Amino acid sequence: GEGIRVNAIAPGFFLTEQNRALLTNPDGSYTQRGQDVIRQTPFGRMGRAEELCGTIQYLISDASSFVTGTVAVVDGGFNVFAM
């Protein structure tokens, strides 16, 4: 339809309650999977949920009024290694 914009965010690894047991040990250190993720992320860490806010704010603002059909990757560079 006219005037409807559809965009998405592709987040990288963000430590949440949903994935905490997969990525961290009870003492807070990273599991092997967590270490693998960190090693493959140029920023060298997991993302923080608030780091998605800037991209969300941009996509809902007038600054992106001519942006549609795009996927914004917010992953600390993880996707670079997948290409």
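I started with what covers the buried residues of α2, and the cover includes α1. The model is predicted.

I then listed the residues of helix α2, which spans residues 32–39: Gly-34, Val-37 and Ile-38 are buried. Looking down the axis of α2, I found its buried residues within an arc of 100 degrees, so they line one face of the helix. On the other side of α2 I noted Gln-32 and Arg-39 as exposed.

Next I looked up salt bridges; the whole structure has five. Asp-36 forms one with Arg-39, with the closest N and O atoms 2.3 Å apart. Both residues lie in helix α2, three residues apart, about one turn of the helix. I recorded Asp-36 as partly exposed, at 22% relative accessible area, and Arg-39 as exposed, at 54%.

I turned to Arg-45, whose side chain meets that of Glu-51 in a salt bridge of 2.6 Å, N to O. Arg-45 is partly exposed at 31%, and Glu-51 is partly exposed at 27%. Glu-50 and Arg-48 form a salt bridge at 3.2 Å, N to O. Glu-50 is exposed at 52% relative accessibility, while Arg-48 is partly exposed at 41%. Salt bridges with shared partners join Arg-45, Arg-48, Glu-50 and Glu-51 into one network.

Last, I checked aromatic pairs and counted one. The ring centres of Phe-13 and Phe-78 are 5.2 Å apart and the planes stand at 65 degrees, so the pair is edge-to-face. The pair links distant parts of the chain, 65 residues apart: Phe-13 is in the loop between β1 (8–11) and α1 (20–23), and Phe-78 is in the segment after β2 (71–74). I noted Phe-13 as partly exposed, at 24% relative accessibility.

Methods
Residues are numbered from 1 along each chain as its sequence is written. This is a predicted model: local features need pLDDT of at least 70, side-chain atom pairs count only at pLDDT 80 or more; totals for chains, interfaces and linings use all residues. Side-chain values use heavy atoms; hydrogens and water are left out. Rings of Phe, Tyr and Trp (its six-membered ring) pair if their centres lie within 6.5 Å; planes under 30 degrees apart count as stacked, over 60 as edge-to-face and the rest as tilted. Helices (H or I, at least four residues) and strands (E, at least two) are DSSP runs, numbered from the N terminus. Buried means under 20% relative accessible area, exposed over 50%, partly exposed in between (1.4 Å probe, protein chains only). The arc is that of the directions from the helix axis to the C-beta atoms. Contact means heavy atoms within 4.5 Å. A salt bridge is a side-chain nitrogen of Lys or Arg within 4 Å of a carboxyl oxygen of Asp or Glu.
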